[in-house]
Amino acid sequence: MIRIGFGFDTHKLDPVCEFWLGGILIPHIKGATGHSDADTLIHAIIDALLGAAGLRDIGNQFPDTSPEFKGIDSKALLSRTMELISAKGYVIGNIDSTIVLQNPKISGHIPGMIEALTAVMKIGSDQLSIKAKTSEKLGFIGREEGISAYATVLLLKE
Ligand code: CDP
Ligand code: ZN
């Protein structure tokens, strides 16, 4: 059986925050704000995985009202998501994702993100694609007020 999943996430960018993205720390004058470490790409990937497995969404599995998840490393949430999908008998076929961010340019950080996230998900580097786009200076992303990410995933089950 194959199942498709789709995930989306957005976070506000704030000068006082660290910028965690794709499981690594990006050097920048601003970072993403949120209850956890606000890793927008990981959150989009988690929602895609949960959606494909019929396990609702990140807020349902890891409530942002829970002190357990305050400031948590999103890689820990991704690891728990992998346990949830494995328990249902699924393995990852592949993941494709896009980060929409005006600044900074992150293409040089993408190999590091792939290394970090494939290690957590225990998949090969050819199973995870991460792309980057600006929003051509339009809207909240163009004004550097926020970041979005999109992910699709294919899950396989014998
Ligand atoms: O050329 P096009 O309008 O499709 O894309 P763009 O938004 O201008 O981005 C051009 C290229 O810059 C992308 O293909 C990415 O490789 C890179 N990029 C990046 O490294 N970091 C970003 N925050 C946005 C884009
Ligand atoms: Zn998020």
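Colleague: Is R143 buried or exposed?
Modeller: Bear in mind that this is a predicted model. The relative accessible area of R143 is 52%. Anything over 50% counts as exposed, so R143 is exposed.

Colleague: Which residue does R143 form a salt bridge with?
Modeller: Look for the spot where the closest N and O atoms are 3.0 Å apart.

Colleague: How many salt bridges does the structure hold?
Modeller: Counting everything, the structure holds four.

Colleague: Which parts does the pair of R80 and E68 tie together, and how far apart in sequence are they?
Modeller: R80 sits in helix α3, while E68 belongs to the loop between α2 (58-61) and α3. So the pair links parts of the chain separated in sequence by twelve residues.

Colleague: Back to D73 and K75: which one is buried?
Modeller: Buried means under 20% relative accessible area. D73 has 34%, so it counts as partly exposed. K75 has 19%, so the buried one is K75.

Colleague: Which element gives the most to the largest nonpolar core?
Modeller: That core has 47 residues, and L21, I45, L49, I92 and M121 have the most contacts inside it. Elements that each supply at least two residues include α3 (74-87), β5 (91-100) and β7 (146-156). With ten residues, the top contributor is α1.

Colleague: Which residues does L49 touch, leaving out those up to four places away in sequence?
Modeller: L49 is among the residues with the most contacts inside the core. Its partners are L78, T81, M82, I85, I92, M121, V153 and L155.

Colleague: Which are the edge strands of the open sheet?
Modeller: Five strands make up this sheet, with mixed pairing, in the order β4-β1-β7-β5-β6. An edge strand here pairs on one side only. That gives β4 (31-32) and β6.

Colleague: In what sense do β5 and β6 pair, and at what angle does α4 run to β6?
Modeller: β5 and β6 share six bridges, and the sense is parallel. Within this region, S97 stands opposite I130 in β6. α4 lies across both strands, and its angle to β6 is about 145 degrees.

Notes:
Residues are numbered from 1 along each chain as its sequence is written. Chains are lettered from A and ligands numbered from 1 in the order in which they are written. This is a predicted model: local features need pLDDT of at least 70, side-chain atom pairs count only at pLDDT 80 or more; totals for chains, interfaces and linings use all residues. Side-chain values use heavy atoms; hydrogens and water are left out. A nonpolar core is a set of buried Ala, Val, Leu, Ile, Met, Phe, Trp, Tyr and Cys residues joined through side-chain atoms within 4.5 Å. Buried means under 20% relative accessible area, exposed over 50%, partly exposed in between (1.4 Å probe, protein chains only). Helices (H or I, at least four residues) and strands (E, at least two) are DSSP runs, numbered from the N terminus. Contact means heavy atoms within 4.5 Å. A salt bridge is a side-chain nitrogen of Lys or Arg within 4 Å of a carboxyl oxygen of Asp or Glu. Two strands pair if DSSP finds at least two bridges between them. Axes are lines fitted to C-alpha atoms, for helices over the stretch in contact, and angles run from 0 to 180 degrees between N-to-C directions.
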